[in-house]
Amino acid sequence: MKRLKPMDAAWLYVDSPSTPMHVAGLQIFSLPENAPDDFLGRMAAQAREAQSFAPPWNLKLKASPLRGVLPAWERDDDLDIDYHFRHSALPAPGGERELGVLVSRLHSHPMDVTRPLWECHLIEGLEGGRFAIYTKMHHALVDGVGGMRMVQRAMSSDPSTPFRAPWSVGADWQQDTGTASNAARKTLARPSFRDVAGSVPSAARALFESYRAGGHDGDALMRPYDAPHSVLNNRISGQRRFATQQYSMDLLKRLAEASDGTINDVVLALCSTALRRYLKESNLLPRQSLVAGIPVSVRPGDDVAVGTAISFILAGLATDVADTRKRVEAIQRSTARAKEHLQALPKEALDQYTMLLMGPYIAQLMLQLGGRTAPMFNVAISNVPGPKETLYLGGARLEAMYPVSLLMHGQALNITCVSYAGTLNFGYTGCRDTLPSMQRLSVYTSEALDELKALYRVR
């Protein structure tokens with residue numbers, strides 16, 4: 001048995017039918033050349049036969065009267081694989097629309113908290129001889145970076161490597177013996193009370209500094225809860241919509257160089273321009289700039305441990321600026337200031353800073369005040385580093401990987417990007433009822449990219 005860290009437990013506390021706290025990944029594969037007709041049938045059979053479960057796939061919430069207050073993980077190696085792994089097919093013609101509809105529906109379903117908190121769906125029938133795998137897992141078990149690394153471990157850069165079920169590979173962490181990789185062992189090691197107590201003043205000072213500096217004219221540091229209210233920050237239902245886009249990483253790098261910024265700045269500029277158009281055409285664009293909440297991974301480079309390891313920065317999106325070049329420059333100033341603020345914090349104080357920063361927000365959600373009070377930020381936008389090399393699963397080539405994220409009351413939209421093999425893959429997750437025609441954002445992002453290419457004369 002292992003107690004959950006406070007930030008991990010928080011995802012369980014705010015879980016509800018309208019705000020299920022699971023994250024997911026959608027991978028699209030092409031069949032190997034000369035693949036037999038029963039290739040996917042064989043893969044499904046191999047998946048069902050993989051009855052060895054590694055953490056976090058074999059962890060479930062321990063049943064106890066205190067589960068809702070002090071949740072803990074326990075091992076469950078007697079899984080019902082037919083419940084957790086499912087094989088289905090798209091209706092013809094099996095295009096991106098049909099896949100998006102299915103993923104939207106799968107992502108709307110809450111998880112069964114009496115079982116290990118994951119599902120894996122093998123989806124065949126995608127046009128062009130392709131298939132997809134949609135895998136979701138509760139955010140209390142894994143964050144975006146950890147999830148990407150688990151995906152990486154289940155695949156291989158060698159197409160001749162035999163199929164391995166992701167749950168048989170896991171995160172290289174053995175809960176019953178307490179052994180782990182070096183990086184995971186460091187993550188799991190509990191800091192002493194003296195370390196924690198000593199870091200609290202540093203964290204508190206950093207949070208106070210963000211409020212003090214952010215209140216001064218000319219300082220680009222954004223303060224929590226200074227974001228304007230918008231349609232993005234209303235109450236939500238449990239129904240989701242999902243859309244995707246994929247772009248060349250080389251193109252984004254050239255844009256970053258031409259604009260004297262970073263790839264993350266380019267991503268924020270694309271999202272800002274798309275959101276500005278989406279909201280303006282419905283006369284819903286606030287006069288004040290929207291603010292992005294940006295998760296920042298603090299996970300060591302080789303760490304695939306269970307749980308989350310993230311902090312947050314806030315950045316202005318300059319959606320109140322009509323001129324595209326000036327909008328990009330304003331975003332760059334805001335992100336640079338936010339990074340400077342976070343990097344000045346001692347590493348041992350990061351967890352405490354994150355809890356102090358996010359604590360009121362989590363409390364707001366737990367008290368059902370999300371969407372009823374001032375938003376801490378308007379939209380979550382994150383960029384998760386993924387595998388750099390082309391990967392294969394049982395000989396099938398991974399063509400694209402898209403993140404499918406979570407939503408909360410007061411946060412009706414999430415935009416997450418994952419890099420993979422020279423591409424950057426955008427996943428847009430939105431509330432079906434709060435944001436009608438949310439899929440237009442993906443179209444507007446592509447048009448925003450064309451605008452930046454023309455502005456900076458990049459091909």
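Guide: Axes here are lines fitted to C-alpha atoms, for helices over the stretch in contact, and angles run from 0 to 180 degrees between N-to-C directions. The model under discussion is predicted. In it, the axes of helix 9 (residues 249-258) and helix 10 come within 8 Å and cross at roughly 95°.

Visitor: Why is helix 9 called roughly perpendicular to helix 10?

Guide: Angles of 65 to 115 degrees count as roughly perpendicular. The crossing angle is roughly 95°, and helix 9 is therefore roughly perpendicular to helix 10.

Visitor: Which residues of helix 9 and helix 10 meet?

Guide: Helix 9 contributes Met249, Leu252, Lys253, Leu255 and Ala256, while helix 10 contributes Ile263, Val266 and Leu270. Divided by class, this contact of helix 9 with helix 10 has seven nonpolar residues, no polar residues and one charged residue.

Visitor: What makes up the contact of helix 10 with helix 11, by class?

Guide: On helix 10 the residues are Asp265, Leu268, Ala269, Ser272, Thr273 and Arg276; they meet Arg327, Val328, Ile331, Gln332 and Thr335 of helix 11. This contact has four nonpolar, four polar and three charged residues.

Visitor: Why are helix 10 and helix 13 also described as oblique to each other?

Guide: Helix 10 and helix 13 (residues 440-456) pack at about 120°, and their axes are 8 Å apart. Since roughly perpendicular ends at 115 degrees and roughly antiparallel begins over 145, the pair is therefore oblique. The crossing of helix 10 and helix 13 is right-handed. From helix 10, the contact takes Val266, Ala269, Leu270, Thr273, Ala274, Leu275, Arg277 and Tyr278; from helix 13, Arg440, Leu441, Tyr444, Thr445, Glu447, Ala448, Leu449, Glu451 and Leu452. Its classes are eleven nonpolar, two polar and four charged residues.

Visitor: How many cavities of 30 Å³ or more does a search of the whole structure find?

Guide: The search finds five. The largest cavity has a volume of about 90 Å³. Twelve residues line the largest cavity, and Met222, Ile313, Leu314, His341 and Tyr353 lie nearest its centre. Strand 12 (310-316), helix 11 and helix 12 (350-366) each give two or more residues to that lining. By class, the lining has ten nonpolar, two polar and no charged residues.

Visitor: What kind of peptide bond joins Pro55 and Pro56, and what kind joins Ala92 and Pro93?

Guide: The bond between Pro55 and Pro56 is cis, with omega about 5°. Pro56 belongs to the loop between helix 2 (39-49) and strand 3 (59-61). The bond between Ala92 and Pro93 is cis, with omega about 15°. Pro93 lies in the loop between strand 5 (85-89) and helix 4 (96-108).

Technical notes: Residues numbered from 1 in each chain as written. Predicted model: local features only at pLDDT ≥ 70, side-chain atom pairs only at ≥ 80, totals over all residues. Heavy atoms only, no water. Contact = heavy atoms within 4.5 Å. Helix = DSSP H or I, 4+ residues; strand = E, 2+ residues; numbered from the N terminus. Nonpolar A, V, L, I, M, F, W, Y, C, P; charged D, E, K, R; others polar. 1 Å grid on protein atoms, 1.4 Å probe; cavity = no way out; pocket = protein on both sides within 12 Å on 5 of 7 lines; lining within 4 Å. Points joined across faces, edges and corners; volume = space filled by probe spheres on them. Parallel < 35°, antiparallel > 145°, perpendicular 65-115°, else oblique. Left-handed = near helix turned anticlockwise from the far one by under 90°.
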